Amino acid sequence: MALSHAAKTWWWLVHKDLLRELRAPRAWPAMLILSLALAMVISVQIDSPSDQHLELAGGMFWLAAFFAGTVALDRSFSGEHEQACWQGLLLYPVGPGTLFLAKLAANFLAFCALDVVLVPAFTLLSGVSLFAQPGPFLATALVANLGFSAVGTLVSALTSGLSQRHGLLVLLLFPLVLPVVLGAVQATRAMLVGDFSSWWRWIQLLSCFAAVFVALGTLIFDYLVED
Amino acid sequence: MKRRLSISTISILAASFGVSALLAACGWMIFLFAPREITMGDVQRIVYLHVAVAWCGLAGCVAMGLTAAAYLARRNSVWDHWSQAAGELGWLCATLTLATGSLWAHEAWNTWWTWEPRLTASLVLWTVFAGYFLVRASIEDAQRRARLSAVLAILALADVPLVIMATRWFRGIHPVTPEMDPRMRIVLLISIVSFSALFILLAILRKEQLELAARVLSRERQTGVVN
């Protein structure tokens with residue numbers, strides 16, 4: 001019964017975030033346009049696909065995705081602080097763990113939307129087809145996005161009320177999320193060059209990292225939302 | 001009160017003499033007892049300092065995270081002072097690790113810096129420490145500062161396995177357990193013990209200093225000297 005209530009609340013919170021973005025788009029357009037601009041700048045470095053470019057394409061794609069993703073993370077909590085929405089949200093009978101999982105899901109969906117736009121754009125501009133192996137790429141994108149949104153949601157919540165939040169978000173996020181960046185880049189590289197045993201090892205590392213941070217976030221989110 | 005203070009002062013003085021004697025013995029062993037390494041010559045002796053401060057940096061990060069968890073559980077500011085003291089000394093040791101490692105790398109690899117996995121992970125640890133202090137510096141309210149920095153310190157713990165396992169996971173060139181003369185192993189062990197003792201002593205002194213500063217501030221607020 002309690003689980004069903006938590007699941008329902010979780011869904012309504014995710015729904016609220018998506019609906020707010022649909023009615024008054026703020027984070028997603030900026031994030032998507034920034035990702036396209038980054039893909040364009042990066043693709044200038046790749047003239048024609050070669051073995052060397054296959055090695056580099058994963059790194060370039062994920063750097064563009066993660067940098068653009070910080071826009072959605074930045075808006076994730078700062079939007080709530082405007083007009084005291086956050087205080088209103090905390091007054092509802094919602095567990096902090098549920099709140100964290102809802103914010104995480106909203107960020108995760110934002111990153112998935114980002115990938116949907118960025119993958120064809122990157123393929124078109126760079127000539128490296130990331131979606132040539134759809135299954136492995138989808139698995140990589142799912143676990144990488146989950147890990148990135150788990151750490152990102154926590155760091156975004158931590159910095160949301162601070163005076164220098166924009167700088168601190170990026171400064172704290174990238175060192176903490178480096179295993180995800182490394183894992184996603186290496187898994188994509190292994191997938192593109194056809195080394196699937198290596199790809200599987202990186203997917204395992206990414207999954208472990210995501211699981212640890214989702215569990216840690218659910219446990220410690222309470223301490224971030226006290227005030 | 002007077003008696004307790006004098007006993008505390010005597011204990012700290014005795015500990016300081018003990019640690020100084022240990023460090024002097026360690027210095028003697030590094031330069032006079034340990035044999036000269038055949039390939040690198042005297043430059044190799046920097047390893048005794050490098051490994052010791054690297055160990056203290058990681059221990060500082062673990063201590064910072066564990067005492068931060070204790071603060072969140074107990075809400076006693078003493079644990080926050082312990083966490084800050086461990087973090088400051090950990091950051092200092094991480095800085096020394098990077099500096100001594102860079103000096104060693106210049107002789108061993110003919111470069112001051114390379115994006116080797118363990119070096120990268122150590123730099124990430126340094127950045128996480130720096131982020132921890134930036135978060136602390138950006139929050140005025142002592143309780144909020146302690147709470148948010150405690151959450152960040154717990155997240156920083158995730159970087160410790162990355163630093164330790166970096167060379168194994170990512171096949172780096174950083175030595176893991178090199179072959180050593182037994183006398184070199186003894187000196188390395190003594191060096192780690194000496195620097196750990198110094199780390200503990202400095203952590204105690206810094207924690208005492210932070211407590212004193214908090215008491216002075218509290219007294220000033222009571223008397224209306226500051227707001």
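A cavity is a set of grid points where a 1.4 Å probe fits but cannot get out. With that in hand, here are some close-up views of this predicted model.

View 1. If you go looking for others, the model has 3 cavities of 30 Å³ or more.

**View 2. The largest pocket has several helices of chain B in its lining.** The space in this pocket comes to about 1,100 Å³. Helix 2 (46-74), helix 3 (77-108), helix 4, helix 6 (159-170) and helix 7 (182-223) of chain B each supply two or more lining residues. The lining divides into 23 nonpolar, 9 polar and 5 charged residues. Keep an eye on confidence here: within chain B, helix 6 has the lowest mean pLDDT, at 72, while helix 2 has the highest, at 95.

**View 3. Helix 4 of chain B is mostly covered.** This helix runs through residues 117-137. Of its 21 residues, 15 are buried. How far apart are its end C-alpha atoms? They are 30 Å apart, which agrees with the 30 Å that 21 residues should span at 1.5 Å a residue.

**View 4. Arg75(B) has a positive phi in a loop of chain B.** Most residues other than glycine have a negative phi. Arg75(B), however, has a phi near 55 degrees. You will find this residue in the loop between helix 2 and helix 3 of chain B. Arg75(B) counts as partly exposed because its relative accessibility is 36%, and partly exposed covers the range between under 20% for buried and over 50% for exposed.

**View 5. Asn110(B) also has a positive phi, although it is not a glycine.** Its phi is about 65 degrees. Asn110(B) sits in the loop between helix 3 and helix 4 of chain B. Is Asn110(B) buried or exposed? At 65% relative accessibility, Asn110(B) counts as exposed.

**View 6. Chain B as a whole is built from helices, with 0 strands.** There are 7 helices in chain B, and the pattern along its sequence is α-α-α-α-α-α-α. The C-alpha trace spans about 65 × 40 × 25 Å along its principal axes. Of the 227 residues in this chain, 42% count as buried. Among contacts in chain B between residues at least 6 apart in sequence, 77% join residues at least 24 apart.

**View 7. Confidence across the two chains is a handy guide while you browse.** Chain A has a mean pLDDT of 87, with 96% of its residues at 70 or more. Within chain A, confidence is lowest in helix 4 (residues 85-91), at a mean of 82, and highest in helix 6 (residues 134-159), at 94. For chain B the mean pLDDT is 88, and 93% of its residues reach 70 or more. The model scores ipTM 0.84 and pTM 0.86.

Key. Residues numbered from 1 in each chain as written. Chains lettered and ligands numbered in written order. Predicted model: local features only at pLDDT ≥ 70, side-chain atom pairs only at ≥ 80, totals over all residues. Heavy atoms only, no water. pLDDT = per-residue confidence, 0-100. Helix = DSSP H or I, 4+ residues; strand = E, 2+ residues; numbered from the N terminus. 1 Å grid on protein atoms, 1.4 Å probe; cavity = no way out; pocket = protein on both sides within 12 Å on 5 of 7 lines; lining within 4 Å. Points joined across faces, edges and corners; volume = space filled by probe spheres on them. Expected span 1.5 Å × (residues − 1). Buried < 20%, exposed > 50% of the residue type's maximum accessible area, 1.4 Å probe, protein only. Contact = heavy atoms within 4.5 Å. Nonpolar A, V, L, I, M, F, W, Y, C, P; charged D, E, K, R; others polar.
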